[in-house]
Amino acid sequence: MLETAEVHHGFWKPWTDFNRHAWRRQITISEDHSRIILGVVVALLALASPAAYIVLNRFIVRIWASVEGVYPQHKSPVAVEAAPNEHTGMIPRSPRHSFYPLIRETWKCSRSPDFALASLVLLSWKMVTHAPPPATVDSQSAPSHLDAGHVEPVPVLETPRTPGTPQVHQSDEIYTGFKWQNVKARMVETAVVTILWLFSATTFGLIIWGSIASTNLISEGIGLSASADCGVWVMDGDGGSPNCTTGLNYLQELESGEYAQRCYGSSTGADGCNFFVAQDIPYTEVHDDACPFADELCLLGQSSAYTMRTELISSKSLGINVPKGMLFNRSTTCAPIERKGFAFSLNESLSYNYGPNGMSDSTWTTAKSTTPTFPGYEVATFCNQGGSSGDWQPIPEFNSESYRFTTLMFVQSQNNYHTQPLKDPIFPANTLVIPPPIRGKTLYYNVDPFATVLACVDRASICTPSGDFCWSGNLDIPPKALNPTSHIEKMGYYMLDISLRRSSVCNSISMRGGNALRATSKMQSNVTLPVSLPLSSTQWKIEAKALFETSLARIQIELRDYVRGRGANECNFANRIDDGFLDMCSAYRFRTVGWKNLNATGFWLVLGLVLVVYLLSIEWAREDGEDKLVAEDLFDAIKLLFGKCVLWMRGRNSRQYVADANGERENPAGGEGNGNVTIGNVSPVHVVGSDEDEEPREVVES
């Protein structure tokens, strides 16, 4: 498989993925190495599982022994020959056998959770299906009431006995089948078995889950860029070869449009949409919005605009690898523009006056159209950035100072025919073709020689990570947003700002012209007559939406091209990166091919855990001949240390009590005292002073 080039990788070169909430340290490795490492991890976990279970098993055994030391269990009664009561002739009921020793031994001898599950099930079945029968004797006596301290008697069964034969007492348990009486008689033992069974089942499940979860140590191949050509490559107007031409800006606009058409609104992971960490930038639409221009400019009225805007989007969704990340917002509002009073027919030309353009007083002048010879649409685009002194200076009605970009588009219909009339204000076709070019087929076209006019305004703002303060991006962070902002966050802001520079409708259509329109792609060029596929009655909104999506895709592509150094080999391009943000070249995340990420924290944690489990499960023979685990000795040491701490705390509290009592008790004679105090009815105790050698305390009899 062909691997993505210029990716930060290496087992000993971990990096921090700030887009994760936890376990951020990642190691980028090849897919082949990831399969090997994953196999090793799964094998280690499988081999360590029995050892881990044995350690937990012995831990439970030690806890059990400690509890029994505090709350001792009654020993199992020894089966003896039961003698009949001398008054009643009855014998006591045969005591039931205690299963505690057998439960403990079964649990301690289990070496794996599956073996423990099977053993405990068999043992619990024996407990509920076996019961001791009562002993019998040859007598006709009836039961009598005994004191509470006596054992409950059982009636004597009439069984024949040969004279001279000794009395029989049967204490061995016999199979009775499942009886609730057996369960009730062994409620505590059954509860212990149930708890141990649940613990074994949980351990078994955790072992299986751990083996499956270990596969999550390897994640999708999102890596860091490591291009040596990284830089802010822009056209150098101060020098370069005069005969050198470049098409980078056109290629970027073309790629942005194709990416937006292919990936925006498509299912996740569609073909050709798997490079960026986020496939698209979400946005919302507002129909019948307020027109951003003066009333006399809006063709369809003041509430006829179409607005598309994003929410506050984190810069981390663009692949900028920073802890918090600035937020940004993009919006575009478009509306058809009135031509009456702004478009004029001259002798041999058509003139449009929406503000002077360069040396001309009119915005656009074109020759009066002759018969169109090619299908599609011709588009002339004029742009103004934030009211700057560019070539086109919009008339005041455009309010261009209030927006980042103002774009004016003249759409001229060419040799286009439609099967249905269209009343769209930008793509009209409501004139019937007479005579029809094709007999029996009705066609429509646009007879108006003037171009229709569509205008859009673009806004962009950048906000602090909390979103409580926003400003227009201009490479200068306002002082209010600086505190506290680390260098890495400033670098993230720098990357966001340079990626927003060409995000506008102007930079989505100016290079491609009419080829950028979806309506152009509807023209059937493989037929004799250029008949268009059906267009929407609001085709201008479809075009505005496509241009807005292209401007969003341009943000993603612009940042990628800077970091990956796309313009490094273009003629007349120079690297204008700020020297203070050179580390942006290693702060860009993107999807790679042929690479995987290994979670560094989880990997080393698994290795450490396996090593600790193996060490704790080492079994060695002690001098007394008993085999014990290292974990058991560790448990005994912790238990001993805990006991000493408890004794020390008790002694400390006792000494504090005596000191408090000495401070409160005064000498009865009013003197300075002789070091003896009396506490309640306790005999006086001589307290050693600070200047005396400590000796055993002298108790003075009262």
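In this predicted model, helix 2 (residues 100-109) and helix 3 (residues 113-129) have axes that come within 9 Å and cross at roughly 165°. That makes the two helices roughly antiparallel, the label for angles over 145 degrees, with under 35 counted as roughly parallel, 65 to 115 as roughly perpendicular and the rest as oblique. Helices here are DSSP runs of H or I with at least four residues, strands are E runs of at least two, and both are numbered from the N terminus. Axes are lines fitted to C-alpha atoms, for helices over the stretch in contact, and angles run from 0 to 180 degrees between N-to-C directions.

Contact means heavy atoms within 4.5 Å.

The crossing of helix 3 and helix 5 is left-handed. From helix 3, the residues include P113, D114 and L117; from helix 5, they include E189, W197 and F204.

Four strands make an open sheet in the order 1-2-25-5, paired antiparallel. Pairing requires at least two DSSP bridges between two strands. Strand 1 (15-16) and strand 5 (218-219) are the edges, each pairing on one side only. Strand 1 and strand 2 (residues 25-30) are joined by two bridges, and T16 has R25 as its bridge partner. Helix 12 (residues 600-616) lies across strand 2 and strand 25 (595-599), at about 55° to strand 25.

In the loop between strand 1 and strand 2 sits W23. W23 has a positive phi of about 55°, and it is not a glycine. Most residues other than glycine have a negative phi, and most peptide bonds are trans. The bond from I434 to P435 is cis, with omega near -10°. P435 is in the loop between strand 18 (431-432) and strand 19 (444-445).

A second open sheet has three strands, order 12-13-14, also antiparallel. Its edges are strand 12 (343-345) and strand 14 (364-367). Neighbouring strands are turned by 15° on average, direction ignored. Strand 13 (residues 349-352) pairs with strand 14 over four bridges, and S349 partners A367.

Last, confidence. Mean pLDDT, the predictor's per-residue confidence from 0 to 100, is 81, and 78% of residues reach 70 or more. Residues 71-82 stay under 50, with 15 contacts beyond four places in sequence. Residues 89-96 are also below 50, with 44 contacts beyond near neighbours in sequence. Where pLDDT is low, the predicted coordinates should not be read in detail.

Two bookkeeping notes. Residues are numbered from 1 along each chain as its sequence is written, and side-chain values use heavy atoms, leaving out hydrogens and water. As this is a predicted model, local features need pLDDT of at least 70 and side-chain atom pairs count only at pLDDT 80 or more, while totals for chains, interfaces and linings use all residues.

Definitions and conventions
Left-handed = near helix turned anticlockwise from the far one by under 90°.
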